[in-house]
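Let's walk through this fold together, one piece at a time. Please keep the sequence and the 3D view at hand as you read.

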Amino acid sequence: MRLLLVEDDRMIAESVRKGLRQEGFAVDWAQDGRAAELLLQSENFDLLLLDLGLPRKDGLEVLRALRSQNNPLPVMILTARDAVADRVKGLNAGADDYLVKPFDFDELVARIHALLRRQAGRGDPLIRYGPLILNPITHETLFNGAPLALSARELALLEAFLDRPGAVLSIAYLQEKMYGLDDDVGSNTVEVYIHALRKKLGSGFIRNVRGVGYMVPRLP
Ligand code: CA
């Protein structure tokens, strides 16, 4: 899952970003409203974490512009503006959630997972797919009832597939889900991780659609 964090306070941004990466998210960071808009136009994110008091363009304006394009991206406002009127204004401008600084990091992570769950149309906090049960919060994975050890990248890749069973996903799309812009992709390409998942889950688990990409089939 890939998040965009828009925050002009470097200390807050760095600590939130570091923590979210440890939780297995790919995180990009924009320091002002205009930089955020450029990234939103060029990249695909699963969720936006948006400060309100931002240089160059206020967070509320960024949010209003996004929603005026009918973009349904989940948005959580992270701000020190704690008046009820501000919270109401933020939610009415199209935010899905609103967290007041200083916030507890565990609560931020729990709210992110709640929004992603809703976005995926899932009520169950666990992701179930045939013999596979994945807990996106604790990263515990069971396969045929037995614990399965997956690396953070393997988990990110598996989640991208299980989010859209039946859809053929391109390498570029999968890479976007796994890496932020300044993550070191290195020599371990998406194909290497697909190979690793197939070894752990069976060769037929992820199917290759020649010339297009990869998919896990929709279960009957
Ligand atoms: Ca700010």
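In this predicted model, the count of aromatic pairs comes to one. The rings of Tyr 129 and Phe 205 have centres 5.5 Å apart and planes at 70°, and since planes over 60 degrees apart count as edge-to-face, that is the class of this pair. Tyr 129 sits in strand β6, while Phe 205 belongs to the loop between α8 (190–201) and β10 (207–209), so the pair ties together parts that are 76 residues apart in sequence. Both Tyr 129 and Phe 205 are buried.

At the β9 end, β8 (residues 141–143) and β9 are joined in the antiparallel sense over two bridges, and here Phe 143 stands opposite Ala 146 of β9.

Next, turn to strand β4 (residues 75–79). How many of the five residues of β4 are buried? Five of the five are, so the strand is largely enclosed by the rest of the structure. Both faces are covered, with Val 75, Ile 77 and Thr 79 buried on one side and Met 76 and Leu 78 buried on the other.

Strand β4 also has parallel partners. Three bridges join β3 to β4, and Leu 49 has Met 76 of β4 as its bridge partner. Four bridges join β4 to β5 (residues 97–100), where Thr 79 stands opposite Val 100.

Finally, have a look at the calcium ion. Which protein atoms are its donors? They come from Asp 8 (OD), Asp 51 (OD) and Gly 53 (O), lying 2.1 to 2.3 Å from the ion. Along the chain, the donors follow the spacing D-x42-D-x1-G. Asp 8 lies in the loop between β1 (2–6) and α1 (10–22), and Asp 51 in the loop between β3 (47–50) and α3 (59–68), so this pair ties together parts that are 43 residues apart in sequence. At 34% relative accessibility Asp 8 counts as partly exposed, whereas Asp 51, at 4%, counts as buried.

Terms used: Residues numbered from 1 in each chain as written. Predicted model: local features only at pLDDT ≥ 70, side-chain atom pairs only at ≥ 80, totals over all residues. Heavy atoms only, no water. Pairing = 2+ DSSP bridges. Donors = N, O, S within 2.8 Å, 3.2 Å for Na, K, Ca; no water. Buried < 20%, exposed > 50% of the residue type's maximum accessible area, 1.4 Å probe, protein only. Phe/Tyr/Trp six-rings, centres within 6.5 Å; stacked < 30°, edge-to-face > 60°.
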